[in-house]
Amino acid sequence: MSFRYQQLANTLLNDIHQGRWQAGDMLPSVRQLMQHWQLSRATVLHALSELELQGYIHAQPRRGYFVNARDSQAHNNTQQTPEAAPRLFSINDVVHDVMLKGAAFDLLPSESRFDAKPPALELLHRAISRVMRHGKGAQHQHYEEPAGLLELRETLASRLRQQGTNTVASDITVTQGCQHALLLALKSCTQAGDVVAVESPGYFGTLQLLQELGLQVLELPCHPITGLAVAEVADALTRWPIKALVLTPSFATPTGALMPLEARQQLAQLAKQHQLTLIEDHIYAELAFNGETLPPMLAFAPQHTLLCGSFSKSLSRDLRLGYITGPAFSKRLPHLKQITSLASSRFIEQGVDDFIRRGDYDRHLRREIQTLRVQRNALVELLQRTFEDGQYSIPEGGLCLWLSLNPHVDTLALYQQARREGIVITPGTMFTSQPGLYRHCLRLSFAHPWSAPRRQALIRLKTLCQQLSSGEISEI
Ligand SMILES: Cc1ncc(COP(=O)(O)O)c(C=O)c1O
């Protein structure tokens, strides 16, 4: 369940998006909102101030709250928007530095050794060991077929059908994680020089792949609450020859945005009209706090979608186990898999399949979602106390939120300073190909428990921000 003020803010925001309230309109009074929603005055004011901070509305003393003109409805009042033209680019070094330590989601990697191991991992280890114990010698001598273990593909297909798709096992190829799936997706529908649209801010691993494959990137603005705006996609399609669009409709990184159902349906229509391939990053979709996964793009435009997923965020990053599916590409995908990694580990595939079929994965997911929700709430409370001047998204799932600071705070300089103290942040510039963009923003993860040292690390970040802003410590 989300905070009540957030539910109110989201409803009002939806009304503004749908045109119920237009620029210049006065919103219902605080008293009316209190009565209608049965909320306290403080909660209503909190919701309105969220929308005000994000640039959607403004207050007029003694009159009420008014909807702003569309131009000023930026994601927040400091956000910059990406340049609207495709181009080749080269990635920022910070990405390599953060990823060398593999710690992109932990503010304080040294603390991880104290974190409790989820009980499900013990069951997973047992399932994999069992398979290895009973495995035949021949399994060590032969590669698995490129598409991957049939039983696991059947299990995955059945899970995707429960989410509203018509997936069958023969459409699925097992991969070495979602990053590998994204590589296969891009390779199956683009050639060097093609234009690929991405969310901005968006996942840096996608940007790395585009750079490596010599693809031109077109960054489309991604709203921290509702994700990619379909109108922006429609507009871009009239101007540029876009081959593919990479998007994370459910709990995108770095914002945690969730694309509403209607927007998904509209995007599917656009993809069909323009022969656009949607590369859907589904990696966070099972981490919905209300337990309800919205149907993926694959459900609405199956012939135009390549869905990529993995167990990295929901179970273990170390499994290196993912999948890709898209009926229009079923023949090409196993071929590309075979070229890029020959085969997957049969023991891992069998072990994970066994783990899922016993119901252990679903039990684990239910527990994990509870934990993540508690950790998200703890982070939001910490931010309310520590970064009072910051603006942040409050996602309904996934692992992270997007924090926007005062425009003069440089999170790249903050990254360098914090790094010396063992604190790892993911600065905003990691999530764009455009130098200087989102420099005052950062992604914060709630994937780990808020132990006292992690809380201290967050408070320390605030102090470092203040010291950098006042010049007490210098930027590099
Ligand atoms: C949005 C997104 N897609 C893909 C990946 C890569 O996932 P995997 O570990 O399964 O390769 C990540 C990892 O951070 C991610 O955040």
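**How the terms apply in this predicted model**

Reader: What makes Ala-185, Leu-245 and Ile-279 stand out in the largest nonpolar core?

Author: Of the 134 residues in that core, these three touch the most other members. A nonpolar core is a set of buried Ala, Val, Leu, Ile, Met, Phe, Trp, Tyr and Cys residues joined through C-beta atoms within 7 Å. Helix 8 (residues 178-189) gives the most to this core, with eight residues. Helices are DSSP runs of H or I, at least four residues long, and strands are runs of E, at least two; both are numbered from the N terminus.

Reader: Which residues is Ile-279 in contact with, leaving aside neighbours within four places in sequence?

Author: Leu-182, Ala-185, Leu-186, Ala-244, Leu-245, Val-246, Leu-306 and Cys-308. Contact means C-beta atoms, placed from the backbone, within 7 Å.

Reader: What are the ground rules of the model?

Author: Residues are numbered from 1 along each chain as its sequence is written. The model is predicted: local features need pLDDT of at least 70, side-chain atom pairs count only at pLDDT 80 or more, and totals for chains, interfaces and linings use all residues.

Reader: Why is Trp-450 called partly exposed?

Author: Trp-450 has 18 other C-beta atoms within 10 Å. A residue is buried at 20 or more such atoms, exposed at 12 or fewer, and partly exposed in between, with C-beta atoms placed from the backbone. So Trp-450, with 18, is partly exposed.

Reader: Where is Trp-450, and what does it contact?

Author: Trp-450 lies in the loop between strand 14 (441-445) and helix 17 (452-470). Beyond four places in sequence, its contacts are Gln-375, Ala-378, Leu-379, Leu-382 and Arg-455. Arg-376 is 74 residues away in sequence, yet 9.4 Å away in space, C-alpha to C-alpha.

Reader: How do you know which residues surround the ligand?

Author: A residue is near a molecule if its C-beta atom, placed from the backbone, lies within 6 Å of it. 13 residues surround the ligand; the closest are Gly-177, Cys-178, Gln-179, Ser-310 and Ser-312.

Reader: What classes make up that shell?

Author: Three nonpolar, eight polar and two charged residues. Ala, Val, Leu, Ile, Met, Phe, Trp, Tyr, Cys and Pro count as nonpolar; Asp, Glu, Lys and Arg as charged; the others, Gly among them, as polar.

Reader: What is the confidence in the model?

Author: pLDDT is the predictor's confidence in each residue, from 0 to 100. The mean is 90, and 94% of residues reach 70 or more. Over residues 71-79, pLDDT stays under 50.

Methods. Contact = placed C-beta atoms within 7 Å.
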